Amino acid sequence: MFPKILVPIDGSPLSMKAIDIAQGLIQSGRGNRLTLLHVTSDEDDLIEKTQKFAEQVLDEGMKRVAPGVQVDIEMQVGKPPDTISQAAQAGRYDLIVMGTRGLSPLKGILIGSVSAKVSALSPCHVFLVK
Ligand SMILES: Nc1ncnc2c1ncn2[C@@H]1O[C@H](COP(=O)(O)OP(=O)(O)OP(=O)(O)O)[C@@H](O)[C@H]1O
Ligand SMILES: [Mg+2]
């Protein structure tokens, strides 16, 4: 049972698939509520552009959530892996569901740096979606 599920999304197809898997857990009685989190990197200068991107990503994510599933959205600024792990700890999440890969165009890599660091740093279970 995973009462609180955190789904970090970057707008990539695998992060959207992570939303489907997380809400499937809730719909089958294995969880209660979902939080969609997008982190805008603090290393990016184009704050306005990234703020707009963050809104688009969260909007797209919300559209995938079925009626009846309890969902919150969160937007944070920082280093994505650290910010996601800290959010999981501070919010006492029971599970993180995220993509194995994200937006990076590098096809060769098997696991993205954000997934690798979050699974290493987080206090809770991490479900990596393929
Ligand atoms: N800025 C972000 N905010 C929230 N979630 C993110 C963010 N970046 C990545 N994620 C999550 O991490 C998953 C894996 O993405 P990751 O960034 O690790 O892979 P990548 O983009 O392929 O590689 P890299 O970024 O290391 O070049 C995504 O599917 C998404 O769930
Ligand atoms: Mg990435």
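Predicted model: local features only at pLDDT ≥ 70, side-chain atom pairs only at ≥ 80, totals over all residues.

Me: How do you know which residues of helix 3 are buried, and what do they pack against?

Reply: A residue is buried if 20 or more other C-beta atoms lie within 10 Å of its own. In helix 3, P80, P81, T83, I84, S85, A87 and A88 are buried. The buried residues of helix 3 pack against strands 1, 2, 3 and 4, and also against helix 4.

Me: What makes the buried residues of helix 4 line one face?

Reply: The buried residues of helix 4 are V114, S115 and V118. Viewed down the helix axis, they fall within an arc of 95 degrees, so they line one face of the helix. An α-helix has 3.6 residues a turn, so residues three or four places apart point the same way. S113 and A120, on the other side of helix 4, are exposed.

Me: Which elements do the buried residues of helix 4 pack against?

Reply: They pack against helix 3, strand 4 and strand 5.

Me: What makes up the largest nonpolar core, and which elements supply it?

Reply: The largest nonpolar core has 26 residues, and those with the most contacts inside it are I5, L6, V7, A22, I96 and V97. At least two residues of this core come from each of strand 1, helix 1, strand 2, helix 2, helix 3, strand 4 and helix 4.

Me: Which residues does I5 touch, leaving aside those up to four places away in sequence?

Reply: With that exclusion, I5 touches A22, L25, G31, L34, Y93, D94, L95 and V97. A touch is counted when two C-beta atoms lie within 7 Å.

Me: How do you know whether the size of the chain agrees with a compact globule?

Reply: For 130 residues, a compact globule would have a radius of gyration near 14 Å. The chain has 14 Å, so its value agrees with that of the globule. The C-alpha trace spans about 40 × 30 × 30 Å along its principal axes. Of the 130 residues, 34% count as buried.

Me: In what order do the elements of the chain run?

Reply: The chain has 4 helices and 5 strands. From the N terminus on, the order is β-α-β-α-β-α-β-α-β.

Me: How much of the contact count comes from residues 24 or more positions apart?

Reply: Among contacts with a separation of 6 or more, residues 24 or more positions apart account for 74%.

Me: Why is G11 called partly exposed?

Reply: G11 lies in the loop between strand 1 and helix 1. It has 16 C-beta neighbours inside 10 Å. That value falls between the exposed limit of 12 or fewer and the buried limit of 20 or more, so G11 counts as partly exposed. Not counting residues up to four places away in sequence, G11 touches V57, E60 and L103.

Me: Why does T100 receive the label partly exposed?

Reply: T100 has 17 C-beta neighbours inside 10 Å, so it counts as partly exposed. T100 lies in the loop between strand 4 and helix 4. Beyond residues up to four places away in sequence, its contacts include L14, I111, G112 and S115.

Me: What classes of residue form the shell around ligand 1, and which residues come nearest?

Reply: The shell has 10 nonpolar, 9 polar and 2 charged residues. Of the 21 residues around ligand 1, G99, G102, S104, G112 and V114 come nearest. Helix 1, strand 2, strand 4 and helix 4 each give two or more residues to this shell.

Methods:
Residues numbered from 1 in each chain as written. Chains lettered and ligands numbered in written order. Core = buried A, V, L, I, M, F, W, Y, C linked by C-beta atoms within 7 Å. Near = placed C-beta within 6 Å. Nonpolar A, V, L, I, M, F, W, Y, C, P; charged D, E, K, R; others polar. Arc of directions from axis to C-beta. Rg over C-alpha atoms; globule rule 2.2 N^0.38 Å.
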